[in-house]
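Reader: I am new to this kind of picture. Please show me how to read it, one feature at a time.

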Amino acid sequence: MTILDRLRLVRDMVRIRCVEETLADLYRDEQLMRTPTHFSIGQEATSVGVCAASRRTDVVYSAHRSHAPYLAKGGDLPALVAELYGKETGCAGGRGGSVHLVDHAAGFGGSAAILGEMIPVAVGAAWAFAMEGTPRVALTFFGDGASEEGAFHESLNFAALHRLPVVFVCENNQYSIASPLSARQPPGTSIWRRALGYGMRASRIDGNDVFAVHDAARTAVESARARHGPHLLELDTYRWREHVGPNWDEDGAYRTHAEVASWIERCPIHSAAEALRGEDPTIDDRIDTWRAEFTDEVGRAVDFARAGAFPDVTDLLLGACEPQPIAAPAGRN
Ligand SMILES: Cc1ncc(C[n+]2csc(CCOP(=O)(O)OP(=O)(O)O)c2C)c(N)n1
């Protein structure tokens, strides 16, 4: 990767951080966004590293923690913010909220809050790509909690059996709401090893190292594209804020202040900046410039969202989006 490519990864993480921190403040202070919100603050390296390894024609699906993968895949920012404000200008017509984002033009196929729900949807898309013989790949983000759903296991089995072009991306942020893996599964349980049991490739990566995530994702995506079968990436990371909502919650109820602080020390943006400092001593100035740029950008998106109308209640039962074929968006790839 060139230094420019690596800077691009850092820039994309800064953009997502800036958008989410702004939205979290507004969510708390204004009380105008009434959708549940699951922020990825602290987890940006997973979405950015993986999505940068995909082509525009590949399709990404996600679970409820959806803003970061949506933005990393190139989803429209004003349409995301308008969706959070419940406006008809939102990406799901103001009917879906934060957990139901979609941007077909960008190759973001959709997100949903039922754990595991989008995993078989991604496998279905990959099956369609395989049947059509097109060199496209489906990717699906989900948490460690979702790996306990039956749909996860059925999907892995089916994808491995048919060698489908799908990449399973498990963001292991250590908790399912307030339960660590150790409270949910027998000792020694390992998510990536379970994938090996289905006969697919799988790897476990430091999910706060955007460069490592990107390298692993490129290998996984290109191997899937070459029809060598699916791949599961388990990416270790950590959410800084509460499970749902804008607040900090290191009050000791299920995790300690010291634990949260230890992960903040491993901030993916800070670590990436440190790694690049030798090659680019101006990295901190760059980050400050990007922050200012993105603060303006998200401010404009918020203005757009506030100016929009709410959907008409009589349209409530109409589909916000027509059913979409998973047609390739127009573009270079
Ligand atoms: C089938 C189902 N069961 C339970 C829930 C309630 N629920 C919402 S989020 C969540 C935890 C998800 O944890 P994980 O998959 O690790 O993702 P994270 O929130 O940590 O990103 C649970 C249990 C749900 N949405 N769907």
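Reader: How do strand 1 and strand 2 pair?

Author: Start with the terms. Strands are DSSP runs of E with at least two residues, and helices are runs of H or I with at least four, all numbered from the N terminus. Two strands pair if DSSP finds at least two bridges between them. Here, strand 1 (residues 59–62) pairs with strand 2 in the parallel sense, over 3 bridges. Within this pair, Tyr61 stands opposite Gly110 of strand 2.

Reader: What kind of model is this, and how are residues numbered?

Author: This is a predicted model: local features need pLDDT of at least 70, side-chain atom pairs count only at pLDDT 80 or more, and totals for chains, interfaces and linings use all residues. Residues are numbered from 1 along each chain as its sequence is written.

Reader: Which order do the strands of the sheet take?

Author: The order is 2-1-3-4-8-7. These 6 strands form an open sheet with parallel pairing. Strand 2 (108–111) and strand 7 (201–206) stand at the edges. Each has a single partner strand, so one side of each is left without a neighbour in the sheet.

Reader: By how many degrees are neighbouring strands turned?

Author: Angles run from 0 to 180 degrees between N-to-C directions, and axes are lines fitted to C-alpha atoms, for helices over the stretch in contact. In this sheet, neighbouring strands are turned by 15 degrees against each other on average, direction ignored.

Reader: Where does strand 3 meet strand 1?

Author: Strand 1 and strand 3 share 3 bridges and run in the parallel sense. Val59 stands opposite Ala138 in strand 3.

Reader: What joins strand 3 to strand 4?

Author: Look at the bridges, then at the chain path. The two strands pair in the parallel sense over 6 bridges. Leu139 stands opposite Val167 in strand 4, and Gly143 has Glu171 as its bridge partner. The chain crosses from strand 3 through helix 6 (residues 150–161) to strand 4, a β-α-β crossover that is right-handed. Right-handed means that, with the strands pointing away from the viewer, the path from the first strand over the helix to the second runs clockwise.

Reader: How many bridges join strand 4 to strand 8?

Author: There are 6 bridges to strand 8 (residues 231–236), and the two strands run parallel. Asn172 stands opposite Asp236 there.

Reader: Which residues lie closest to the ligand?

Author: A residue counts as near a molecule or strand if its C-beta atom, placed from the backbone, lies within 6 Å of it. In this model, 16 residues surround the ligand, and the closest are Leu115, Gly143, Gly145, Ala146 and Ser176. Strand 3 (138–143) and strand 5 (175–176) are the elements that give two or more residues to this shell.

Reader: How many residues of that shell are nonpolar, polar or charged?

Author: The shell has 7 nonpolar, 7 polar and 2 charged residues. Ala, Val, Leu, Ile, Met, Phe, Trp, Tyr, Cys and Pro count as nonpolar, Asp, Glu, Lys and Arg as charged, and the others, Gly among them, as polar.

Reader: Is Asp312 buried or exposed?

Author: Asp312 is exposed, with 9 other C-beta atoms within 10 Å. This residue is found in the segment after helix 11 (283–307). Asp312 and Glu88 are 224 residues apart in sequence and 8.4 Å apart in space, C-alpha to C-alpha.

Reader: What about helix 2: buried or exposed?

Author: Helix 2 (residues 44–51) is mostly covered, with 8 of its 8 residues buried. Among them are Glu44, Thr46 and Val50.

Methods. A residue is buried if 20 or more other C-beta atoms lie within 10 Å of its own, exposed if 12 or fewer, and partly exposed in between; C-beta atoms are placed from the backbone.
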